[in-house]
Amino acid sequence: MKILRRLVGYGRRSLAKHGLLGTLLLAIAASGGMVNALRPGHRQALRAQRQMERDFDRRYHVDTAGTISQGALDVGNRNQLFATRYEPIAVVDFAALLAGTGLDCADATFVDLGSGKGRAVLLAAALPFRRIVGVEFSAELDAVARANLDRYTGPRACQAIELLCQDAAGYVFPEDTPLVLYLYNPFEEPVMRQVADNLAASYARRPRRVLVLYFTPHCAAVWERLPFLKRTRDGDSLHIYDSGEPAGGDSV
Ligand SMILES: C[S@@+](CC[C@H](N)C(=O)[O-])C[C@H]1O[C@@H](n2cnc3c(N)ncnc32)[C@H](O)[C@@H]1O
């Protein structure tokens, strides 16, 4: 009973601090012992972080950990010049990313441009998005993501998940639902500008709620110049841009 009371108390505090989505994702992380390993004062935080990543993979039978430089990938696309290396988002960072956005994802499509081995796609699948799309131009990484999706034993609230192997610069955004665009520093300015222009054109055709979650925002200036988006969060590691609710449009 004491443990139960403690858990309920912890849950209430977490809901107040991180919101429902953040609490759910933190619970996923905690179930692998991941959060404890990051407590302040941990003597070997970096090693613990690497261990956490491996724990996620082991626990859910996937392969997402580690980094891979573009030099080691044979993409055959000139936009590879502007691509960053493969590096999965840390589970705790993904939880923090969505916490406090006040997002109701039931109607929305979540798009990860530069989805790599699919870590963020898998984490997003714990949430009841209407649809999730991962776009990765490396066939090698895309193949690993597909295998991960088949094997993943973690929580799944969204079944409509699509992985596309193509250049993000040519990706056509879905216009039938509100959109959550997630970017983990996938590419540099020329490609980012093309993606932002594509989104602006899509929004002009079909105004709808658009939320851009930009983690490690190295090309923030590209998003600042879009008049239909307003920056609603601007920490060092995360910018959020929000179109707000268009009059008479869909809601996220
Ligand atoms: C930092 S990783 C992010 C991985 C994943 N989104 C996550 O959060 O775990 C960036 C990924 O973007 C991919 N990428 C870079 N440029 C791309 C492009 N033009 N089109 C599609 N994918 C691209 C890279 O190959 C790499 O896998």
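Helices here are DSSP runs of H or I with at least four residues, strands are E runs of at least two, and both are numbered from the N terminus. With that settled, just after α2 the residue His61 takes a positive phi of about 60 degrees. I will come back to His61.

First, the ground rules. This is a predicted model, in which local features need pLDDT of at least 70 and side-chain atom pairs count only at pLDDT 80 or more, while totals for chains, interfaces and linings use all residues. Residues are numbered from 1 along each chain as its sequence is written.

Now the overall picture. The protein has seven helices and seven strands, and along the sequence they follow the pattern α-α-α-β-α-β-α-β-β-α-β-α-β-β. There are 252 residues, of which 37% count as buried. Buried means 20 or more other C-beta atoms within 10 Å of the residue's own, exposed means 12 or fewer, and partly exposed is in between, with C-beta atoms placed from the backbone. Among contacts with a separation of 6 or more, 70% are between residues 24 or more positions apart. A contact means that the two C-beta atoms, placed from the backbone, lie within 7 Å.

Next, the sheet. In what order do the strands of the open sheet come? The order is β3-β2-β1-β4-β5-β7-β6, seven strands with mixed pairing. Two strands pair if DSSP finds at least two bridges between them. The edges are β3 and β6; each has a single partner strand, so one side of each is left without a neighbour in the sheet. From one strand to the next, the twist averages 15 degrees. Helix α5, residues 139-151, packs on this sheet and touches β2 and β3, and its direction makes about 165 degrees with that of β3. For those angles, axes are lines fitted to C-alpha atoms, for helices over the stretch in contact, and angles run from 0 to 180 degrees between N-to-C directions.

Let me go through some of the pairings, starting with β4. Strand β1, residues 109-113, pairs with β4 in the parallel sense over four bridges, and Val111 has Leu181 as its bridge partner in β4. On to β5: β4 and β5 are also parallel, over six bridges, and Leu181 stands opposite Val212 in β5.

How much of β4 is buried? Six of its six residues are. In a regular strand the side chains alternate between the two faces of the sheet. In β4, Leu179, Leu181 and Leu183 point one way, Val180, Tyr182 and Tyr184 point the other way, and all are buried.

The antiparallel part involves β7. Strand β5, residues 210-215, pairs with β7 over five bridges in the antiparallel sense, with Leu213 partnered by Ile240. Strands β6, residues 230-234, and β7, residues 238-242, run antiparallel and are joined by four bridges. There, Lys230 has Asp242 as its bridge partner, and a hairpin of three residues joins β6 to β7.

Back to the backbone angles. Most residues other than glycine have a negative phi. Two residues to look at are His61, with phi near 60 degrees, and Asn185, with phi near 30 degrees. His61 lies in the loop between α2 and α3, and it is exposed because 12 other C-beta atoms lie within 10 Å. Asn185 is in the loop between β4 and α6; with 18 C-beta neighbours inside 10 Å, Asn185 counts as partly exposed. As for α2 itself, its 16 residues reach 23 Å from first C-alpha to last, close to the 22 Å expected at 1.5 Å a residue, where the expected span is 1.5 Å times one less than the number of residues.

One more loop residue is Gln166, between β3 and β4. Why does Gln166 count as exposed? Because it has 12 C-beta neighbours inside 10 Å. Not counting residues up to four places away in sequence, Gln166 touches Val135, Phe137 and Tyr171. Its C-alpha is 9.8 Å from that of Leu113, which is 53 residues apart from Gln166 in sequence.

Last, the ligand. Around it are 26 residues, of which Ala83, Gly114, Gly116, Ala168 and Pro186 come nearest. The elements giving two or more residues to this shell are α4, residues 119-124, and β2, residues 131-136. Near means that the C-beta atom, placed from the backbone, lies within 6 Å of the molecule or strand. The shell divides into 14 nonpolar, seven polar and five charged residues. Nonpolar covers Ala, Val, Leu, Ile, Met, Phe, Trp, Tyr, Cys and Pro, charged covers Asp, Glu, Lys and Arg, and the others, Gly among them, are polar.
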